[in-house]
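Please look through the model below before reading on.

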Amino acid sequence: MMISYPLIKPKYYWSLINDLSTFIVSPKYKTGQEKSTRNKIYDTIGLFLIKVVFSVVVASLLQIIYNPENLTSTSMAERFSPLILLLVGGVILPLFEEMTFRLSLKFNPMYLALTTGGFTYYILTKAVFKSKLSLIDDTFWHRVVLVIMVVLIAYGLCSRKNNQIVLQGFWEKHFRKLYYLSCLSFAWLHIFNFELSLVNLLWMPILTLPQLFSATIAGYTRVAFGFQYPLLVHMITNIFFLSLTFLQID
């Protein structure tokens, strides 16, 4: 029996780019894709490789044109040992971000409650307590308790039968807007990784371009394949780039 290895075929990557482009132009709540787990894994790896190439190219160009300091990476590197940095930046934060921005692209009362909790934690951390997502300071447990309360209330409201029917219909009718909103919010909120100067704000669409491209892929794979696929891609990507930073240390 002949074994196919699509990842070594250039035409396969063009096919992935075409599928992704079609979805971005016209996002569908139900993609209708019937693929085996093996093919989903192949496609996920292929899209990951495409994303890495795109990110490296954009990052290289930005280093030449405009390269502001990433304050979040610097702060985390100062607060954590390499192993803990990989755990927090490569596992915990990707899980938090995927739960916040992608989990409820498919409607489910618990998914929406968790997403609401994620946004609440983000707003409380950044806007109210002026802290960092990964910082366990004096405000951390205040934030956690408030988020738990929000999640419980949101789940109680969303799980009511009438509300479920209304929300399910809203998701299917307005999925395109929800998909674009998840992509843009994920990308543009990363501007907080940099100093909030006028110059950085003007450069925001360019500075956050890798995150925007990542969000389009993550949203696509979440809807077409399942939540575990973009989650694993996000974790692998973060671990990959965090590992590269260790190589730069003298």
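How many disulfides does the structure hold?

1. The structure holds zero disulfides, a disulfide being a pair of cysteine sulfur atoms within 2.5 Å. Cysteine 158 is buried because its relative accessibility is 9%, and cysteine 183 is buried at 3%. Here buried means under 20% relative accessible area, exposed over 50%, and partly exposed in between (1.4 Å probe, protein chains only).

2. On the source: this is a predicted model in which local features need pLDDT of at least 70 and side-chain atom pairs count only at pLDDT 80 or more, while totals for chains, interfaces and linings use all residues. Residues are numbered from 1 along each chain as its sequence is written, and side-chain values use heavy atoms, with hydrogens and water left out.

3. Helix 1 (residues 10-25) packs against helix 2 (residues 37-65) at an angle of about 90 degrees, and their axes are 10 Å apart. Helix 1 is therefore roughly perpendicular to helix 2, a label for angles of 65 to 115 degrees. Axes are lines fitted to C-alpha atoms, for helices over the stretch in contact, and angles run from 0 to 180 degrees between N-to-C directions. Helices are DSSP runs (H or I, at least four residues), numbered from the N terminus.

4. On the helix 1 side, the residues in contact (heavy atoms within 4.5 Å) are Tyr12, Tyr13, Leu16, Ile17 and Leu20. In helix 2 they meet Asn39, Tyr42, Asp43, Gly46, Leu47, Leu49 and Ile50. By class, this contact of helix 1 with helix 2 has nine nonpolar, two polar and one charged residues. Nonpolar covers Ala, Val, Leu, Ile, Met, Phe, Trp, Tyr, Cys and Pro; charged covers Asp, Glu, Lys and Arg; the others, Gly among them, are polar.

5. The largest nonpolar core has 28 residues, and those with the most contacts inside it include Leu20, Phe23, Trp171 and Tyr220. Such a core is a set of buried Ala, Val, Leu, Ile, Met, Phe, Trp, Tyr and Cys residues joined through side-chain atoms within 4.5 Å. Helix 1, helix 2, helix 8 (175-188) and helix 11 (209-224) each supply at least two residues of this core; the largest share, six residues, comes from helix 11. A second, separate core of 17 residues includes Leu93, Leu133, Val144 and Leu242.

6. Serine 55 lies in helix 2 and is buried, at 13% relative accessibility. Leaving aside residues up to four places away in sequence, serine 55 touches Pro210 and Phe241.

7. Lysine 130 is found in the loop between helix 5 (109-128) and helix 6 (140-158). With 65% relative accessibility, lysine 130 is exposed. Its phi is near 55 degrees, a positive value in a residue other than glycine.

Terms used: Angles under 35 degrees count as roughly parallel, over 145 as roughly antiparallel, 65 to 115 as roughly perpendicular and the rest as oblique.
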